[in-house]
Amino acid sequence: MTMLKPAYFFPAFFLAVYLLAAPDAKSQVDSAVIKKNTAENRKLKIETADLKITDTTKKKKRSEAGKAALRSAIIPGWGQAYNKKYWKLPLVYGGLAIPVGTFVYNLNWYKKTKFAYTAKYNASLPPPLTDSSGLDKIDEQLKPLSLESIRIYRNDFRQNMDYSILAFLLVWGLNVVDATVDGHLKEFDISEDLSLKIKPHYSPIGHSGGLSFVFTIGKNHSKTITSR
């Protein structure tokens, strides 16, 4: 019987050991892969659920902001009332009252200066076009003024009326913007719940341990930082 030479025996021996151990090694590898895939799938499901919750929250905030904006666009202050910001109502109506008041004031004097200008102009025409019937109806403050001065005042009051309208529209627009912003912040948690927790952490994927630092701001807002 021919004996195997040592140079051939050892490679054959290690090959036999490898073939016997290969199934177990393959089984361990497969098991590790399955565990890793399971952990990754679980993590993916959690992240997907978080994304769905975040997306739902964003849609809800956009809906609340849209409702508040529409209400304020229709009636000033309605959006603030919808957001339960009742203390802003005096600010909204006070801001709108100022341009309304200046518009009424300038409109009143515009009418007076316009009438005075027309009356003095008709009285300054040469005969037989002269008409002095309107001079007595001119406002007492305008009677001493010249025709040119009254014309300047008339134009200024007319211009101020335009500025008052623009200011009114601006305040109305700011009222809509304010209601929209409050609508976005309506569900935002601004409580004073600020905390830091330290707890042990184990990663089934990397088979390693460490510490987790959990920062909590408000009731539903937390951030986890893992240290290995």
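Here are a few exercises on this predicted model, each with a worked solution.

Residues are numbered from 1 along each chain as its sequence is written. Local features need pLDDT of at least 70, side-chain atom pairs count only at pLDDT 80 or more, and totals for chains, interfaces and linings use all residues, while side-chain values use heavy atoms, leaving out hydrogens and water.

**Exercise 1. Find out how many helices and strands the protein has, and in what order they run.**

Step 1: Count the elements, taking helices (H or I, at least four residues) and strands (E, at least two) as DSSP runs, numbered from the N terminus. You get four helices and three strands.

Step 2: Walk along from the N terminus, and the order is α-α-α-α-β-β-β.

**Exercise 2. Work out how helices α3 and α4 pack.**

Step 1: Know what to look for. Two packed helices are described by the angle between their axes and the distance between the axes.

Step 2: Read off the values. Helix α3 (residues 89-124) and helix α4 (residues 147-185) meet at an angle of about 160 degrees, and their axes are 8 Å apart. The axes here are lines fitted to C-alpha atoms over the stretch in contact, with angles from 0 to 180 degrees between N-to-C directions.

Step 3: Name the arrangement. That angle makes α3 roughly antiparallel to α4 (angles over 145 degrees count as such).

Step 4: Sort the residues of the contact between α3 and α4: 22 are nonpolar, eight polar and five charged. For this sorting, Ala, Val, Leu, Ile, Met, Phe, Trp, Tyr, Cys and Pro are nonpolar, Asp, Glu, Lys and Arg are charged, and the others, Gly among them, are polar.

**Exercise 3. Pick out what Tyr-117 touches beyond its neighbours within four places in sequence.**

Step 1: List its contacts (heavy atoms within 4.5 Å). Leaving those neighbours aside, Tyr-117 is in contact with Leu-147, Ile-150, Arg-151 and Arg-154.

Step 2: Check a distance. Tyr-117 and Glu-148 sit 31 residues apart in sequence, yet 8.4 Å apart in space, C-alpha to C-alpha.

**Exercise 4. Decide whether Gly-79 is buried or exposed, and find what it touches.**

Step 1: Locate Gly-79 in helix α2 (residues 78-82).

Step 2: Look at its relative accessible area, which is 0%, so Gly-79 is buried (under 20% is buried, over 50% exposed, partly exposed in between; 1.4 Å probe, protein chains only).

Step 3: Skip residues up to four places away in sequence, and Gly-79 touches Ala-68, Arg-71, Ser-72 and Ala-179.

Key. Angles under 35 degrees count as roughly parallel, over 145 as roughly antiparallel, 65 to 115 as roughly perpendicular and the rest as oblique.
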